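Subject: Structure handover

Hi,

Here is the structure I promised to pass on to you.

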Amino acid sequence: MSGTAAEDGRPADAVSGHWVERAAPRPWRPYLRLARIDRPIGWWLLLLPCWWSSALAAIKADLSFPDPWHGLLFLIGAVAMRGAGSTYNDIADRDLDAQVERTRQRPLPSGQVRPRHAALFLLAQLLVGLAVLLQFNEQAVLVGLCSLLPVAIYPFMKRVMPMPQAVLGLAFAWGALMGWAALFARLDAPALLLYAGTICWVVGYDTIYAVQDIEDDEIAGIHSSARLFGRHVRGAVGLCYALAALFVALAAWGAGAGIVGFLGVAAFAAHLGWQVLSLRERDGRGALTLFRSNRDAGLILFVGLSADALLRSLS
């Protein structure tokens, strides 16, 4: 980590030149970092499955495009709940984070924020998320509330489970259910298949992310899929991504997607394949770049599914 980042309390993997570091009032910065506002990839990865699900539902319902109001609510909710999840995770992990080079400058282990203040900040973000969730129908509200279970247990899994990314997948993939439930007030096979594919996607990209911390995790005794797979990490990520593409394709087929939708799935799969070919064991910087590229992979799929809905409505 550069001396400048350390002196400013900025984590090693923060986005350089982000407005949080340039323009936010200094007293706010530790809380914005706690919510990962300076690292937008997290809320993108939480948001994109919601948008996929909305696009898939639009195809099934013969709508021209995903519901824009739902899309906006999902955006606000993703930012709020990503922040809440990160804050909760950091409260639970503050002692472990102090032992890992990449995370020891986070607000809690570095002493920039007190645990009591972090808990109040967590509550405020949860209230925003609840306000967003209550805008949906009763069934979608129930589905959304159920997501709190995997979110609550995930931070503790890295202490006892060899592949905690599986629990993270259950939580981060939940949006794949929400778009469908918000439109149809129920869950059908395409939404469940999309959820399964998204879980595989999350496990794959978070394994890539965990490559950054293999050495420190070994010292601290923290479990991760990157440690579990070891020299076979590329093959394991490849398997996760192959399953992700398969389940997403099955979900698109179940929703009645046409050729454009499947071209979107193919482009999504191609992007994931490029990540696998580019992955190098213990190349932390390269792993972070590949991890962040999943925003583009997700947008490719969303555009393909949305374009399919539009073209079907015009035909």
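This is a predicted model: local features need pLDDT of at least 70, side-chain atom pairs count only at pLDDT 80 or more; totals for chains, interfaces and linings use all residues.

The largest nonpolar core has 74 residues, and W52 and W201 are the ones with the most contacts inside it. As for which element gives the most to this core, that is α4, with 15 residues. There is also a second, separate core of 7 residues, with I91, L108, V113 and A118 among them. As general background, nonpolar side chains tend to be buried together in soluble globular proteins.

Next, an arginine. R36 sits in the loop between α3 (29-34) and α4 (41-60). Is R36 buried or exposed? It is buried: its relative accessible area is 4%, and the cut-off for that label is under 20%. The R36 side chain reaches the backbone oxygen of L34, at 3.2 Å. Not counting residues up to four places away in sequence, R36 also touches R82, S86, D90 and R106.

Now for the surface. L123, L127, L130, L134, L145 and L148 form a nonpolar patch there, and together they have about 540 Å² of accessible area. Helix α6 (residues 115-133) gives the most to the patch, with 3 residues. One of the patch members, L145, is in helix α7 (residues 138-146). L145 has a relative accessible area of 40%, so it counts as partly exposed.

Last, have a look at L228, in helix α13 (residues 225-229). With a relative accessible area of 46%, L228 is partly exposed too. Which residues does L228 contact, leaving aside its neighbours within four places in sequence? They are P162 and M163. L228 and M163 are 65 residues apart in sequence, yet their C-alpha atoms are 7.0 Å apart in space.

That's everything from my side. Happy browsing!

Definitions and conventions
Residues are numbered from 1 along each chain as its sequence is written. Side-chain values use heavy atoms; hydrogens and water are left out. Helices (H or I, at least four residues) and strands (E, at least two) are DSSP runs, numbered from the N terminus. Buried means under 20% relative accessible area, exposed over 50%, partly exposed in between (1.4 Å probe, protein chains only). A polar contact is a pair of N or O atoms within 3.5 Å; within protein, one must be able to donate a hydrogen and the other to accept it, and residues adjacent in sequence count only if both atoms are side-chain atoms. Contact means heavy atoms within 4.5 Å. A nonpolar core is a set of buried Ala, Val, Leu, Ile, Met, Phe, Trp, Tyr and Cys residues joined through side-chain atoms within 4.5 Å. Patches are made of residues with over 30% relative accessible area and no salt bridge: like charges are joined within 9 Å, nonpolar side chains (Val, Leu, Ile, Met, Phe, Trp, Tyr) within 5 Å. Accessible areas come from the Shrake-Rupley method with a 1.4 Å probe; for residues, only the protein chains shown count as cover. A salt bridge is a side-chain nitrogen of Lys or Arg within 4 Å of a carboxyl oxygen of Asp or Glu.
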